[in-house]
Amino acid sequence: MPQATTTRSGRMQPAGSRLIKFFFGEELPFVSHGRGVFVYDTDGRRYLDGCSGAVTANLGHSDPEILRALHEQAERITFAHRGTFHSEQSEALAERLGAMTGYPYVFLCNSGSEAVETALRLTLQYWRERGEPNRSQFASHAVSYHGATLGGLSLSGHPQRRRVAEALLHEFNELTPPYAYRFAEGRDDAEFTELLVNHTAEVLDAHGPAAAGVVVEPVGGAAGGAITPPDGYLQALAGLCRERGLPLIADEVMTGMGRTGMMLASQHWDVRPDLVVLGKGMGAGYAPVSAVLVSEEIIDAIAAGTASVTNGHTYGGNPLGSAVALAVLEAIESRGLVANAAERGKQLRAGLEALARRHEVIGEVRGLGLLQGLELVSDRVARSPGAPIGSLTRAATFAARDQGLLVYPATGGINNAILVAPPLTVTAEEIDLLLE
Ligand code: PLP
């Protein structure tokens, strides 16, 4: 039995290690179990999961079909390394994902951040194989979140999350974000789109022969809160990338897998990015699984060169994660969850807009499908985010939780926002309850 010790400052330290928590000293409830859209804590309190955990538990909790698939695969084999064995589960997952998204190649990872890194590496490899190894500069939005690893953070326009690692990061986050509420300054959609695309062209000009690609969230999520671009923006950006021969990488870790009422959010604007990053809803909270969808051109260049992508992660493409993600895809298709996200999204949006009419603290409601955001302000006319930044977000998140509703904090460092993003399985009655 380990003994308690005394620290150098004389404090008694209990035996064993203590868990490092996100916020030291903050009291959070302990989770007990989940059923459908509800989560229960160990004191028996019930919460409506209005944000699918972290926009992840897209099928709700304890889904019997997914649990069955997980259990059946766990009994066969949970892990085999892809350098040693191919796995039928991973092959089947790639085939199904390709059929549902229109991409011919899939690389499997475990988290959104890993998949973002992989998309960057595949792009760098693409350039290297084509004899242009100096193309190494990416461009991304100044309000954005692309992951906690160094590549993902380099892309991210999220001051709080960047701060501690700043010394190791690139400043890829240069592009004016398609965030009309704070950046359009009275311009209409067409004028704002023009401004955004012109600025992107300037940034790419400055990168010159070092430009490697553009990375965007089609709808911005964790930084800023469901930032929805003007119609026409993503098409114009894709056109600019095409003109310059630069890969467009869509980070759909949050927006993919049907969340916005389309399988991929880019499909709202008929855009087919060269690479698409998926995560979160792929394993839907049942297993950590993520992926990069890759177009022919990228893989053709690699196939004609070294013909290998050996830079992966130990657990990537493991049979258990693949079996779970395959069952998730099956559920999305057989239960019509993409259409449900679109339908219930309309109901949620109408309800949130009604709420905004009654509450001055809501500056804007935005989003697509079941990815809705509320911009919170201390003064609606001045669009003031209140001080300090983040305080309104925290207050709203905790106030909702105390009333049995979970929402996701999404401050981008310059604003206050929360995400309302219930599971794609949510019913009309559950949306009514959430709104209540
Ligand atoms: N990209 C986007 C758009 C995200 O929203 C996130 C997480 O919130 C990530 C990447 C990172 O994913 P993960 O936390 O699974 O590493």
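Reader: How many bridges join strand 10 to strand 11?

Author: Strand 10 covers residues 275–278 and strand 11 covers residues 290–294, where strands (E, at least two residues) and helices (H or I, at least four residues) are DSSP runs numbered from the N terminus. This is a predicted model, in which local features need pLDDT of at least 70 and side-chain atom pairs count only at pLDDT 80 or more, while totals for chains, interfaces and linings use all residues. Residues are numbered from 1 along each chain as its sequence is written. Two strands pair if DSSP finds at least two bridges between them, and the antiparallel strands 10 and 11 are joined by four.

Reader: Which residue in strand 11 is the bridge partner of leucine 278?

Author: Leucine 278 has its bridge partner in strand 11, and these two strands run antiparallel. The partner is alanine 291.

Reader: Why is one side of strand 6 and of strand 7 left without a neighbour in the sheet?

Author: The open sheet has six strands in the order 6-11-10-9-8-7, with mixed pairing. Strand 6 (105–109) and strand 7 (137–140) are left without a neighbour on one side because each stands at an edge, with a single partner strand.

Reader: Which residue in the turn between strand 4 and strand 5 has a positive phi?

Author: Strand 4 (residues 38–41) and strand 5 (residues 46–49) pair in the antiparallel sense over three bridges, and tyrosine 40 stands opposite arginine 46. The two strands form a hairpin with four residues between them, and the turn residue with a positive phi, of about 85 degrees, is glycine 44.
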